[in-house]
Amino acid sequence: MSDITILTPTYNREKLLHKLYKSLCNQKDKDFEWIVVDDGSNDNTDEYIETYRRKQIFPLGIIKKIMGVSTRLLIMDANMLKLNWCLLLIVMIH
């Protein structure tokens with residue numbers, strides 16, 4: 001397990017997650033894990049994440065939550081997972 005975890009909350013952002021995934025793949029140092037916290041998406045978010053996970057470029061996990069998860073709950077999840085370093089990376093629409 002890596003010392004660095006990138007934690008990304010998402011809801012129906014499958015197309016934006018692809019951009020983030022490409023950016024993470026382009027990192028020189030891939031000594032990190034990426035955990036996507038899916039807040040009840042009804043698009044193909046989980047299928048996209050599973051496709052990325054099979055490529056095994058870096059460790060990737062998905063946590064499915066019920067709708068309405070808050071940043072505070074994500075931080076609690078990070079504490080329960082006993083992460084050493086955690087980067088909260090949020091995908092926004094512009």
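1. Serine 41 is found in the loop between β2 (33-38) and α2, where helices (H or I, at least four residues) and strands (E, at least two) are DSSP runs, numbered from the N terminus. The model is predicted: local features need pLDDT of at least 70, side-chain atom pairs count only at pLDDT 80 or more, and totals for chains, interfaces and linings use all residues. Residues are numbered from 1 along each chain as its sequence is written, and side-chain values use heavy atoms, with hydrogens and water left out.

2. Is serine 41 buried or exposed? Serine 41 is buried, because its relative accessible area is 17%; buried means under 20%, exposed over 50% and partly exposed in between (1.4 Å probe, protein chains only).

3. The side chain of serine 41 forms a polar contact of 2.5 Å with the side chain of aspartate 38. A polar atom of the serine 41 side chain also lies 2.7 Å from the backbone nitrogen of asparagine 12. A polar contact is a pair of N or O atoms within 3.5 Å; within protein, one must be able to donate a hydrogen and the other to accept it, and residues adjacent in sequence count only if both atoms are side-chain atoms. Not counting residues up to four places away in sequence, serine 41 touches Thr10, Tyr11 and Asn12, contact meaning heavy atoms within 4.5 Å.

4. Glutamate 14 lies in helix α1 (residues 14-25) and is buried, with a relative accessible area of 9%. Its side chain is joined to that of tyrosine 48 by a polar contact of 3.4 Å. Leaving aside neighbours within four places in sequence, glutamate 14 is in contact with Asp43, Asn44, Thr45 and Tyr48.

5. Helix α1 packs against helix α2 (residues 45-55) at an angle of about 20°, with the axes 9 Å apart. The two helices are therefore roughly parallel. Axes are lines fitted to C-alpha atoms, for helices over the stretch in contact, and angles run from 0 to 180 degrees between N-to-C directions; those under 35 degrees count as roughly parallel, over 145 as roughly antiparallel, 65 to 115 as roughly perpendicular and the rest as oblique. The contact involves Glu14, Leu17, His18 and Tyr21 of α1, and Thr45, Tyr48, Ile49, Tyr52 and Lys55 of α2.

6. On the whole chain, there are 3 helices and 4 strands, and the elements run β-α-β-α-β-α-β from the N terminus on. Buried residues make up 36% of the 94 residues in the protein chain.
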